[in-house]
Amino acid sequence: GAAMLRSLGSFLCLWALRLPVAPAGSGAAARGLDVASYRERVRAMFYHAYEHYLESAFPYDELRPLTCDGQDTWGSFSLTLIDALDTLLILGNVSEFQRVVNVLQEGVDFDIDVNASVFETNIRVVGGLLSAHLLSKKAGVEVEAGWPCSGPLLRMAEEAARKLLPAFQTPTGMPYGTVNLLHGVNPGETPVTCTAGIGTFIVEFATLSHLTGDPVFEDVARKALKALWKNRSDIGLVGNHIDVITAKWVAQDAGIGAGVDSYFEYLVKGAILLQDKELMSMFLEYNKAIKNYTKFDDWYLWVQMYKGTVSMPVFQSLEAYWPGLQSLIGDVDNAMRTFLNYYTVWKQFGGLPEFYNIPQGYTVDKREGYPLRPELIESAMYLYRATRDPTLLELGRDAVESIEKISKVDCGFATIKDLRDHRLDNRMESFFLAETVKYLYLLFDPDNFIHNDGSVFDVVTTPYGECVLNAGGFVFNTEAHPIDPAALHCCRKRKEEQWEVEDLMREFYSLKKTKKFTLKRTSDHGEGESPKDPEDAPSEKSGEKRNSKKNSHSLLSCPSQSFNSKLAVLGQVFLDNT
């Protein structure tokens, strides 16, 4: 209690000292938060950590900031460098981005006798390489003629992902958690995998399949997602760990946090990325069950997956991604209420403890640490885009102040071992540069290219026609690596999907009568294409009802001016003068 009063007292003092520095206009400015100066402090944080990694830890995976040396943690592939690569571009550093691309091409080898986490290798390595590949033209890298359908970073991402495929060869299609990069799944490997370790592949693997033309990646990711769905309990919940051979639930705690978290995240992000209604409806079913059984007063607890009885009244710091996910499906009011609960915990400790006992209002024994995780900042970034509520910038300010005050050391930023006495651990996780710093920067940088609303874009000519890139709408993987959803439509290799302007011209001119014109596509609808049935209109993303009058016209109508138009691979027609 006394500690809380003290922190409240110091918070009030800080609050009284905040002087307006920006002209009163936006709410945040009126509350006296200088966004530009915080943005620069975040940039300085990045370089303090990044330069010490290069100096003291490279080529190891991670920096050990207390001893100024390095260690391999998740494999042996200079992980922090891969994870930080797209952050460099978001901060505007093209020259270092280009240098690192060359370093990685020369130096990273996946043919090594290392036991690697299938989940971590996918989100950090495959995700980081895919994102950097898709951003490399923007970063001024000389790209190959076939880009974005080919390129050195794409080949590396594919090579890393191929090393993970043996894990998916199980009777259920749910993958093992660990794979040896040289020998495949070790004999005697445990068949027990956490739910997130099964359901967190669709973003990276579908992107790989669309860019390379090899469907195997998307196929295994979908099969794993469906297997989890099939094994949900009668009340609609999934547990924490499952046996991938027998499909028996080993840990039957259901919640939104550790062990489950990114499965739900990838149903939503996969649905958005692939315009896939099935994935979204799976999530919305889960969402109902989660609200019914685990939600109490805008907190989420852990319950028994079959009975729905509370098993742990605990908030885990990893759960703080949930308000951001709710904002993605448009549930902003609920998101904001839960966010504010989580923010009170942050203010109590100057960080989020790994576990927080909700009824007691305090940390849980052995779980008092804060390894500089991004999740609450990530939610603030999403919610700030949605609401512009200045409270969200205040969390960003608190995060910068806390991390600098508690965790900054001469050689970087150290994991906080205990938020009560501020003891540190000799570790700086690669997600600090991949996610925490990136989301902080994006919170304070409203004009970043990542926030593009589609008003500017690049047109790229590929062997399969023209396609539009960098128009915004980036989907972040769970390691904060942004994937450009339009890129998935650049590399259609199958005959019926080659969108060639000449073919279309021929189609148009042969349509002398006013026949209905439908374009044959695979089941996913492009944005600009009207589905055959008005009920089919993808309502999740646009949220607007299609006008039923449209159906009286031909399904694809083009303006009557000369056809000097840009054709996006999505099937949208961009006119030169728009």
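**Figure 1. Cys-411 and its partner Cys-68 in the predicted model.** Let us start with Cys-411, which counts as buried at 7% relative accessibility. This is a predicted model, and in it Cys-411 forms a disulfide with Cys-68, the two sulfur atoms lying 2.0 Å apart. The torsion about this S-S bond is about 110°, so the disulfide is right-handed. Where do the two cysteines sit along the chain? Cys-68 belongs to the loop between strand S1 (62-64) and strand S2 (69-71), while Cys-411 belongs to the loop between strand S16 (408-409) and strand S17 (412-413); the pair therefore ties together parts that are 343 residues apart in sequence. Cys-68 is partly exposed, with a relative accessible area of 33%.

**Figure 2. A left-handed disulfide between Cys-149 and Cys-491.** Here the sulfur atoms of Cys-149 and Cys-491 are 2.1 Å apart, and the two residues form a disulfide. Is this disulfide left-handed or right-handed? The torsion about the S-S bond is about -90°, so the disulfide is left-handed. The pair links distant parts of the chain, 342 residues apart: Cys-149 is found in the loop between helix H6 (118-135) and helix H7 (152-164), and Cys-491 in the loop between strand S23 (482-483) and helix H18 (501-510). Cys-149 is buried, with a relative accessible area of 11%, and Cys-491 counts as buried too, at 1% relative accessibility.

**Figure 3. Cys-467 joined to Cys-490.** The sulfur atoms of Cys-467 and Cys-490 come 2.0 Å apart in another disulfide. With a torsion of about 90° about the S-S bond, this disulfide is right-handed. Cys-467 lies in strand S21 (residues 465-469) and Cys-490 in the loop between S23 and H18, so the pair ties together parts that are 23 residues apart in sequence. Buried or exposed? Cys-467 counts as buried, at 1% relative accessibility, and Cys-490 counts as buried at 1% as well.

**Figure 4. The disulfides of the whole protein.** How many disulfides does a search of the whole structure find? The search finds 3. A disulfide is a covalent bond between the sulfur atoms of two cysteines. If you count the bonded cysteines along the chain, the disulfides follow the pattern 1-3, 2-6, 4-5. Another cysteine to look for is Cys-194, which is partly exposed with a relative accessible area of 22%.

**Figure 5. Phe-205 in the largest nonpolar core.** The largest nonpolar core has 163 residues, and those with the most contacts inside it are Phe-205, Phe-264 and Phe-432. Helix H6 gives the largest share of this core, 10 residues. Which domains does the core draw on? At least three of its residues come from each of domain 1 (44-72 + 316-445) and domain 2 (109-311 + 474-501). Around Phe-205, leaving aside residues up to four places away in sequence, you can find a set of touching residues that includes Asn-122, Ala-161, Leu-164, Leu-165 and Phe-168. Also among the residues that Phe-205 touches are Phe-217, Glu-218, Val-220 and Ala-221.

**Figure 6. An open antiparallel sheet of 3 strands.** The strands of this open sheet run in the order S8-S11-S12, and their pairing is antiparallel. Which strands stand at the edges? Strand S8 (253-254) and strand S12 (310-312) do; each has a single partner strand, so one side of each is left without a neighbour in the sheet. Strand S11 (residues 302-304) pairs with S12 in the antiparallel sense over 2 bridges. A residue pair to look for here is Val-303, which stands opposite Val-310 in S12.

**Figure 7. Ala-36 and Phe-444.** Ala-36 lies in helix H3 (residues 35-57). This alanine is partly exposed, with a relative accessible area of 35%. Although Ala-36 and Phe-444 are 408 residues apart along the chain, their C-alpha atoms are separated by 7.0 Å.

**Figure 8. Confidence along the chain.** The protein averages a pLDDT of 86, and 80% of the residues score at least 70. Over residues 4-26 the pLDDT is below 50, and this stretch has 16 contacts in the model beyond near neighbours in sequence. Residues 494-499 likewise have a pLDDT below 50, with 14 contacts in the model beyond near neighbours in sequence. Where pLDDT is low, the predicted coordinates should not be read in detail.

Technical notes. Residues numbered from 1 in each chain as written. Predicted model: local features only at pLDDT ≥ 70, side-chain atom pairs only at ≥ 80, totals over all residues. Heavy atoms only, no water. Disulfide = S-S within 2.5 Å. Helix = DSSP H or I, 4+ residues; strand = E, 2+ residues; numbered from the N terminus. Buried < 20%, exposed > 50% of the residue type's maximum accessible area, 1.4 Å probe, protein only. pLDDT = per-residue confidence, 0-100. Contact = heavy atoms within 4.5 Å. Core = buried A, V, L, I, M, F, W, Y, C linked by side-chain atoms within 4.5 Å. Domains from an automatic or database assignment. Pairing = 2+ DSSP bridges.
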